[in-house]
Amino acid sequence: MFVQAFEYCRVRTASDASALLREHPSAKLLAGGQSLLASMRMGLLTTEMLVDLQDVAELHSCQLLPGASLELGAMRTHGAIATDGAVREFSPGLAALAGDIADSQVRNMGTIGGSLANADPSACWAAGALALDAEITTSRRTLHIDDFFTGLFGTALEPDEVLTKVRFRRPRRFAYLKHEQSASRFAMVGVAVADFGDHVRVAVNGTFEGAVRVPQFEQALQTRFDAEALANAALPADLMPTDIHAGADYRAHLATVLCKRVVCKMNEGDAP
Ligand SMILES: Cc1cc2nc3c(=O)[nH]c(=O)nc-3n(C[C@H](O)[C@H](O)[C@H](O)COP(=O)(O)OP(=O)(O)OC[C@H]3O[C@@H](n4cnc5c(N)ncnc54)[C@H](O)[C@@H]3O)c2cc1C
């Protein structure tokens with residue numbers, strides 16, 4: 001399918017990108033193009049202008065900050081995050097999440113900011129960022145991750161708002177596991193668990209509402225951090241979709257199985 005003609009602009013600052021979004025209401029930000037260009041090619045999305053963020057230097061940053069946090073620029077690619085020594089030192093589980101996304105072509109183009117802004121229900125970063133208690137910085141404010149996602153493909157971002165940075169607090173341990181849908185290799189269900197010492201956060205992707213935290217799993221693990229604590233914890237099946245690949249009950253069951261596996265992996269010391 002031919003893509004409708006559009007103007008292409010490269011900007012050097014996030015505020016220039018915001019200004020273009022305000023001037024051209026149908027304009028779209030372009031990160032790695034891994035979701036956006038596919039939607040345009042399929043005719044699901046048309047735009048008068050693409051505003052390319054690749055020249056905005058501040059969006060490519062990766063910084064360890066005082067107070068044990070890691071700040072990643074929105075344009076940091078999955079591949080760069082996966083192979084960065086500082087990220088691996090900060091949380092090997094976080095680097096592993098990035099390194100398990102799709103294939104190397106997608107990882108070399110796809111970005112953490114594009115993934116979070118796109119809010120695909122199966123996105124690995126969505127579950128990871130929720131579990132890791134992330135803070136999102138935009139061209140106009142700072143948002144806690146609990147207030148960022150607003151449902152399927154929905155975020156709190158305003159039409160002219162640019163996601164600029166994602167900040168993670170260092171977990172004691174963190175791990176993410178997914179069951180891949182065999183055709184797309186996207187997560188059918190993925191579970192991320194972060195143990196912060198004084199509390200545990202658990203997030204699941206692949207639900208009707210996108211990625212969500214799971215209080216049932218969090219409470220169970222808070223009492224006792226092992227797989228047996230999850231024996232009676234279940235995700236409500238009505239939270240999960242049914243399609244040609246799997247039914248809702250199976251997906252809900254998968255969430256519990258994956259959560260148990262993540263916890264075993266963390267307890268084996270494989271995921272500091
Ligand atoms: C074959 C394939 C397999 C994949 N498998 C996986 C997988 O297993 N797990 C997974 O998590 N993901 C997977 N993905 C998605 C991939 O990881 C990309 O990160 C994701 O598609 C976002 O792409 P992007 O960063 O290129 O953003 P783009 O496609 O450029 O943009 C996506 C959307 O976000 C908006 N946007 C981009 N940057 C910003 C910003 N800074 N501020 C505000 N809005 C912004 C854009 O306007 C657009 O609406 C896969 C993709 C493909 C093509």
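Strands here are DSSP runs of E with at least two residues, helices are runs of H or I with at least four, and both are numbered from the N terminus. Before going further, a word on what we are looking at. This is a predicted model, where local features need pLDDT of at least 70, side-chain atom pairs count only at pLDDT 80 or more, and totals for chains, interfaces and linings use all residues. Residues are numbered from 1 along each chain as its sequence is written, and side-chain values use heavy atoms, with hydrogens and water left out.

Now the overall layout. The protein chain is split into domain 1 (7-52), domain 2 (57-169) and domain 3 (173-267), with bounds that come from an automatic or database domain assignment. Between the C-alpha centres of domain 1 and domain 3 there are 34 Å.

Three strands make an open sheet here, in the order 1-3-2, and their pairing is parallel. At its edges are strand 1 (7-10) and strand 2 (28-30), each pairing on one side only. From one strand to the next, the twist averages 30°; the axes behind such angles are lines fitted to C-alpha atoms, for helices over the stretch in contact, and the angles run from 0 to 180 degrees between N-to-C directions. When I say two strands pair, I mean that DSSP finds at least two bridges between them.

Strand 1 and strand 3 (residues 49-52) are joined in the parallel sense over 4 bridges, and here Glu7 stands opposite Met49. Buried means under 20% relative accessible area, exposed means over 50%, and partly exposed is in between, using a 1.4 Å probe and protein chains only. As background, side chains in a regular strand alternate between the two faces of the sheet.

One more feature here: strand 2, helix 2 (residues 36-41) and strand 3 form a right-handed β-α-β unit. Right-handed means that, with the strands pointing away from the viewer, the path from the first strand over the helix to the second runs clockwise.

Within it, strand 6 (residues 135-138) and strand 10 (residues 163-169) run antiparallel, joined by 4 bridges, and Glu135 is found opposite Arg167.

What about the interior? The largest nonpolar core has 43 residues, and those with the most contacts inside it are Leu94, Leu116, Trp125, Phe148, Phe168 and Phe174. A nonpolar core is a set of buried Ala, Val, Leu, Ile, Met, Phe, Trp, Tyr and Cys residues joined through side-chain atoms within 4.5 Å. Helix 8 (residues 124-131) gives the largest share of this core, 7 residues. Why does the core lie between domain 2 and domain 3? Because both of these domains give residues to it.

Helix 8 itself is mostly covered, with 8 of its 8 residues buried. Just after helix 8 comes Asp133, with a positive phi of about 60°. Asp133 sits in the loop between helix 8 and strand 6, and its relative accessible area of 15% means that it counts as buried.

Arg185 also has a positive phi, of about 65°, although it is not a glycine. Its place is the loop between strand 11 (173-180) and strand 12 (187-195), and at 38% relative accessible area Arg185 is partly exposed.

My last stop is Phe208, in the loop between strand 13 (200-207) and strand 14 (210-213). Is Phe208 buried or partly exposed? Its relative accessibility is 46%, so it counts as partly exposed. Leaving aside neighbours within four places in sequence, Phe208 is in contact with Leu152, Asp238, Leu239, Met240 and Pro241, where contact means heavy atoms within 4.5 Å. Phe208 and Leu152 are 56 residues apart in sequence, yet 6.6 Å apart in space, C-alpha to C-alpha.
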